[in-house]
Amino acid sequence: MPSVVGAAYSTRAAEYVEKLGSIATMHPSDLALIKSWAAHVNGPILDAGCGPGHWSAYLSERGNDVRGIDQVPEFIEHARETYPGVPFRLGSFNHLPDAASTVGGIFAWYSLIHHEPSTVRATFDEFARVLQPGGALLVGFFIGPSVEPFDHTVVTAYRWSPKALSIELHAAGFDVIETHTRTGLQPNPRPHGAIVAQLATADHSAARLTGP
């Protein structure tokens, strides 16, 4: 997350926490998808861009070994105070402190929406570095017919087509397993999407390069 984005969220952190900082405000289909995804993750989960920590706590309550990381100090302070049983770290998920191949799953729920499109692949490369072979990734994003900016409430964000985001994931060594879409209610029927991906194993990666 660029520093200008972090600063924008810091300015509106209290408002964000009030309106979106609880599981009660989340869409039922998102809850079902995330719960199902997390139940099949083998190993610790990193909530990349955890915000005020509600998703990390939700996963922890369901038995997952989860920790959160975010660049916004106000979010991390709130998360630590509200969910003391979950570890939270202030920092950038573009440069993770984790050793290679040590994370079982990465949960990136709308945390990439402010990345310039040209920088998304580098973030996926970093995710691939820390994930175990076969590790799981769940990405939430806003859908559009192409990669395009829009005026997000906090600061400029980007829509992605599922195909365009899948191309970036594939280039970083991921296999796309599922794509989910939904449309929110009026007055803001903003199309939402999620991609479930898996880091390819060494054997699978070699097979993709060499072909049959």
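Guide: Before we look around, here's one term: helices (H or I, at least four residues) and strands (E, at least two) are DSSP runs, numbered from the N terminus. Also keep in mind that this is a predicted model.

Visitor: Okay, where is G53 found?

Guide: Look for strand β1, at residues 45-48, and then for helix α4.

Visitor: Is G53 buried or exposed?

Guide: The relative accessible area of G53 is 0%. Buried means under 20% relative accessible area. G53 is under that cut-off, so it counts as buried.

Visitor: Which residues is G53 in contact with, leaving aside its neighbours within four places in sequence?

Guide: Contact here means heavy atoms within 4.5 Å. With those sequence neighbours set aside, the partners of G53 are A79, Y83 and F88.

Visitor: How are α3 and α4 oriented to each other?

Guide: Helix α3 covers residues 28-39 and helix α4 covers residues 54-61, and their axes come within 10 Å. They cross at roughly 55°. Angles under 35 degrees would count as roughly parallel and 65 to 115 as roughly perpendicular, so this pair falls in the rest, and the word for α3 and α4 is oblique.

Visitor: Which residues in α4 do L31, I34, K35 and A38 meet?

Guide: Those four names sit on the α3 side of a crossing that is right-handed. Over in α4, they meet W55, Y58 and L59.

Visitor: What about H115: is it buried or exposed?

Guide: You'll find H115 in the loop between β4 (103-109) and α6 (120-130). Its relative accessibility is 3%, and the cut-off for buried is under 20%. H115 therefore counts as buried.

Visitor: Which side chain does the side chain of H115 join in a polar contact?

Guide: A polar contact is a pair of N or O atoms within 3.5 Å. The one here is 3.1 Å, and it joins H115 to the side chain of N94.

Visitor: Now the strands: how many residues lie between β6 and β7 in their hairpin?

Guide: β6 runs over residues 148-150 and pairs with β7 in the antiparallel sense over three bridges. P149, for instance, stands opposite Y158 in β7. Between the two strands of this hairpin, the number of residues is six.

Visitor: And which residue in β7 is the bridge partner of F142?

Guide: Strand β5 (residues 131-143) runs parallel to β7 (residues 157-160), and two bridges join them. For F142, the bridge partner in β7 is R159.

Key: Residues numbered from 1 in each chain as written. Predicted model: local features only at pLDDT ≥ 70, side-chain atom pairs only at ≥ 80, totals over all residues. Heavy atoms only, no water. Pairing = 2+ DSSP bridges. Buried < 20%, exposed > 50% of the residue type's maximum accessible area, 1.4 Å probe, protein only. Polar contact = N/O pair within 3.5 Å; in protein donor to acceptor, adjacent residues only side chain to side chain. Axes fitted to C-alpha atoms, helices over the stretch in contact; angles between N-to-C directions. Parallel < 35°, antiparallel > 145°, perpendicular 65-115°, else oblique. Left-handed = near helix turned anticlockwise from the far one by under 90°.
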